[in-house]
Amino acid sequence: MTAKKLLIAMLLVLPLSSYAQSITPAQIEQFKSLPKAQQEALARQYGVDLDALTGGNQAASRPQPVQVVEPVSQITDQERDKAAEEREEDEKAAEKNNGLKPFGYDLFAGDPSTFAPVTEIPVPTDYTLGPGDVLRVQLWGKENQNLELPVSRDGTISFPDSGPLSVAGLGFNEAREQIRTRVSEQYIGVQASISLGELRSMRVFVLGEARNPGSYTVSSLSTITNALYVSGGIKRTGSLRNVQHKRDGKLLGTLDLYDLLLQGDSRSDSRMQPGDVIFIPTVGKRVGIEGEVYRPALYELDGEGTLSQLVKMAGGLTPQAYPQRINIERTNKDFLRIIAEADYTSQRGLKAAIQAGDRVTIPSIVDITGQYVEVQGAAARTGKFAWIPGMRVSSLIKNLDADLRPIADKQYAAIVRTDPQDDTISVLNLRLRDAVQNPGSQHDLQLKEKDRLLFFSNAGKDSRLTRGSEEGPKTYTRDKLFERVIQRLKAQASPANPQQTISISGPVRYPGEYPLPATQRLEDAIFVAGGLKDSASLYQAEVARYIVGDNGVGQTRILNVNLADAMAGRSNIELQSRDRVLIKSIPEFAKTRTITLQGEVRYPGEYTFRDGETLTDVLKRAGGLTDNAFPRGAVFTREKLRRLEAQRLREAEERLQGDLLGVQLEGDSFGGQTTQRIQQVEDLLEDVQNSRPIGRMVINLASVVNDEAYQSIRLQNGDSLTVPTIPQSVSVFGEVQFPTSHLHQAGLTVDDYLGRSGGPTRQADEDRVYVVKADGSVMLPDRSRWFGGRSQQLEPGDTIIMPIDVDRLNQLELWTNVSQIVYQMALGAAAVGNL
């Protein structure tokens, strides 16, 4: 315990910064002889670094780890831009080579600064020790210790109690044996286990066509590929097959990365030493290969190459390759591109020489040459299926619901058949439901080799029923699926074989151009077009037929057909080439005309009227007017007039906006009042934009009801009549102090009502006051000869309009437009006010 007390006293007296240097080795050895738990307790109690006393202080002399690369977060925007530019250049280069890219450079794809060489790997036994390496020595037996001994700059390690030991330049196995020998000689009953801890770093050079050439600090276990990764890899202008490893100016060896990429052979990936140079020369001869190979790309040749070597580098031929006629495009001595062929199934073709700049194309065989039928369109399973002699439509389509899409037309399908003798096509019409429901019947047609079955969509079915598919009814319409068929029929037409097409228009479900039915019957042509609509007239149809007259001039002949007989099979007409069938519609089919009666009508509602009926007729059907009706204020609107008013308002608004822009550009030409004038016009423009056309037509409803001599009002679809109740007010609008409505009093004139609204404003035009009567007509009091001018008494429901004085503003066409628009607005306001 004396040693313990002495050590504790020394620890208490000596400063913490110098105690490790003042304590003798003998005292430290005494401390080490204490149990491990007691050592840790004393160290915690007095704040002593236990590692500093037990030999761990030697770790302070280790070289600090060198950060070989920067983390991703520290990559600069400049580096990212540079990588983006390189990728863009690579894409442009690929475009010049028909999309082919150089093989192998994807090994270095991505951000190179994310890579760090792996150091946690077994150390080779021939590893040469040097300054910066750390040896881990574990002693056990009579004495137990764990030592970490760094190799100093002079190439030695400091072994406890025995002095330095030189290990620099020794292999790891040799150094291990020397340490074991020293331990066995100086420590009795003690054995040693030696391993490598931290490894030294070293600086190497990566030059030539490297992505980022320069000097790099790497681990002492790094190989050529490690250095290439650290430098970002090889540029596309650099060689992958001749990476040179140099030391002191001498070539130690070369690395062919194709051996690593194609065979996984890394024997040439030698380990580097400090000061080594990796030099990447420019790329050698390149050839391209595309088509039916597994890895189409540009490949670098190592010397003279053959076609078989190139195909092997490209992964070999696919099962779809056609090896007997391989195309080789190359540049001849006259710098012209020529095409040569090679038979890869022969020895001569295998050994065909490949030159720099060649582009080899491996063609493919035909997918299927025969013994098939093809299904297209709205079927659940499309494609080519094996053909068996004697098979029928029901052999492919057994269930209409399971074998067709929900959008499919289950009534009609077509078979496009190719004649093997002359490759011409013909079209057979198929009554699909009859064929599937009656297998083996006359409707269940037999299929021949290379037949194409076209299944069409039913445009009446909602595309949302396609079970999640984006393909709706429009995808498989008759127009789309028949488009190429029609083109083929037109292309194969000749004088001996006229064009086998017809066209159908009118009320059929799918009007258009179709192949001529094989039966040449009109009812079959209508069936192909989806059948008749309910608006079709069965009395008469027309067939326009092109014929060549006796004089050799083309003519058109019109044939009238009884459609009812044709649909019943009683017509003897046969369709011919280029016939145009017109199905006529029933005149006035399902056309409904309505008028809306509102207000003080005995039975208001929406009435359907016959062609030629008048407003008087419909009012009689509605029971006439009620006792509270005010016929003079009735508002009769017509949809046609409303659309016309809307068009005029849009045109006036456009002119107004253009004229307003002219006033704004003219500048301050009104004595400083331009801004005020512009604001006034903008307010008017806003009123016009907010106005809604009504389409009112002025009528005298009392005369319509009571006077038989009054002009009859023939109704049109969309007409509306609103009969208000008896009014009690007179309204005043426009440029008055208080626009409002006043209770009608007998004997009051226009001026009286204007006075009750506060009189005109400064902007009013008193000379142009007008009155909109309850029936929608307009009276100008100052010009009226029979109403007594502005002293004329008004009636209930009348509206007085005080317009703006446009003469006070700029004398432009603008203000004429304004007055017209204000008139339109006043007329509409009066109509609305009387409802």
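Analyst: One definition comes before the questions: a residue is buried when its relative accessible area is under 20%, exposed when over 50%, and partly exposed in between. The model is predicted.

User: Is Tyr299 buried or exposed?
Analyst: The cut-off for buried is under 20% relative accessible area. Tyr299 has a relative accessibility of 0%. Tyr299 therefore counts as buried.

User: How is the ring pair of Tyr258 and Tyr299 classed?
Analyst: A pair of aromatic rings is described by the distance of the centres and the angle of the planes. For Tyr258 and Tyr299 the centres are 6.5 Å apart and the planes stand at 90°. Planes over 60 degrees apart meet the cut-off for one class, so the pair of Tyr258 and Tyr299 is edge-to-face.

User: Which elements hold Tyr258 and Tyr299, and how many residues apart are they?
Analyst: Tyr258 is buried at 2% relative accessible area. Tyr258 belongs to helix H9 (residues 257-263), and Tyr299 to strand S12 (residues 297-300). The pair links distant parts of the chain, with a separation of 41 residues.

User: What class does the ring pair of Phe456 and Phe482 fall into?
Analyst: The ring centres of Phe456 and Phe482 lie 5.0 Å apart. Their planes make an angle of 45°. Planes under 30 degrees apart would be stacked and over 60 edge-to-face, so this pair of Phe456 and Phe482 is tilted.

User: Where do Phe456 and Phe482 lie, and how many residues apart are they in sequence?
Analyst: Phe456 and Phe482 are both buried. Phe456 is in strand S22, while Phe482 is in helix H15 (residues 478-491). The pair therefore ties together parts separated in sequence by 26 residues.

User: Which residues do ring pairs link into a cluster?
Analyst: The structure has seven aromatic pairs. Ring pairs build a cluster from Tyr412, Phe456, Phe482, Tyr514 and Phe527.

User: Which charged residues sit over the rings of Phe527 and Phe456?
Analyst: Over the ring of Phe527, the charged end of one arginine sits 4.0 Å from the centre; this is Arg431. Over the face of Phe456, at 5.3 Å from the ring centre, lies Arg478.

User: Which members of the largest nonpolar core touch the most other members?
Analyst: In soluble globular proteins, nonpolar side chains tend to be buried together. Here the largest nonpolar core has 58 residues. Strand S20 (residues 408-418) gives the largest share, six residues. The members that touch the most others are Phe455, Phe482 and Ile583.

User: What does Phe482 contact beyond its neighbours within four places in sequence?
Analyst: Phe482 is buried. Its contacts, with those neighbours left aside, include Tyr412, Ala414 and Val427.

User: How many residues does the second core have?
Analyst: The second core is separate, and Ile224, Val293, Leu310 and Ala342 are among its members. Its size is 42 residues.

User: Are Arg136 and Glu148 buried or partly exposed?
Analyst: Arg136 and Glu148 form a salt bridge, with the closest N and O atoms 3.7 Å apart. Arg136 is in strand S1 (residues 134-141) and Glu148 in strand S2 (residues 145-150). Arg136 has 39% relative accessibility, and Glu148 has a relative accessible area of 27%. Arg136 counts as partly exposed, and Glu148 is partly exposed.

User: What is the closest N to O distance between Arg330 and Asp358?
Analyst: Arg330 and Asp358 are both buried. Their side chains form a salt bridge, with the closest N and O atoms at 2.7 Å.

User: How many residues apart in sequence are Asp451 and Arg417?
Analyst: Asp451 and Arg417 meet in a salt bridge at 2.8 Å, N to O. Asp451 lies in the loop between helix H14 (432-437) and strand S22 (452-457), and Arg417 in strand S20. The pair therefore ties together parts whose separation in sequence is 34 residues.

User: Which residues are linked in a network of salt bridges?
Analyst: The structure has 32 salt bridges. The network links Glu290, Glu329, Arg337 and Arg359.

Technical notes: Residues numbered from 1 in each chain as written. Predicted model: local features only at pLDDT ≥ 70, side-chain atom pairs only at ≥ 80, totals over all residues. Heavy atoms only, no water. Core = buried A, V, L, I, M, F, W, Y, C linked by side-chain atoms within 4.5 Å. Buried < 20%, exposed > 50% of the residue type's maximum accessible area, 1.4 Å probe, protein only. Helix = DSSP H or I, 4+ residues; strand = E, 2+ residues; numbered from the N terminus. Contact = heavy atoms within 4.5 Å. Salt bridge = Lys/Arg side-chain N within 4 Å of Asp/Glu carboxyl O. Phe/Tyr/Trp six-rings, centres within 6.5 Å; stacked < 30°, edge-to-face > 60°. Lys NZ or Arg CZ within 6 Å of the ring centre and 35° of its normal.
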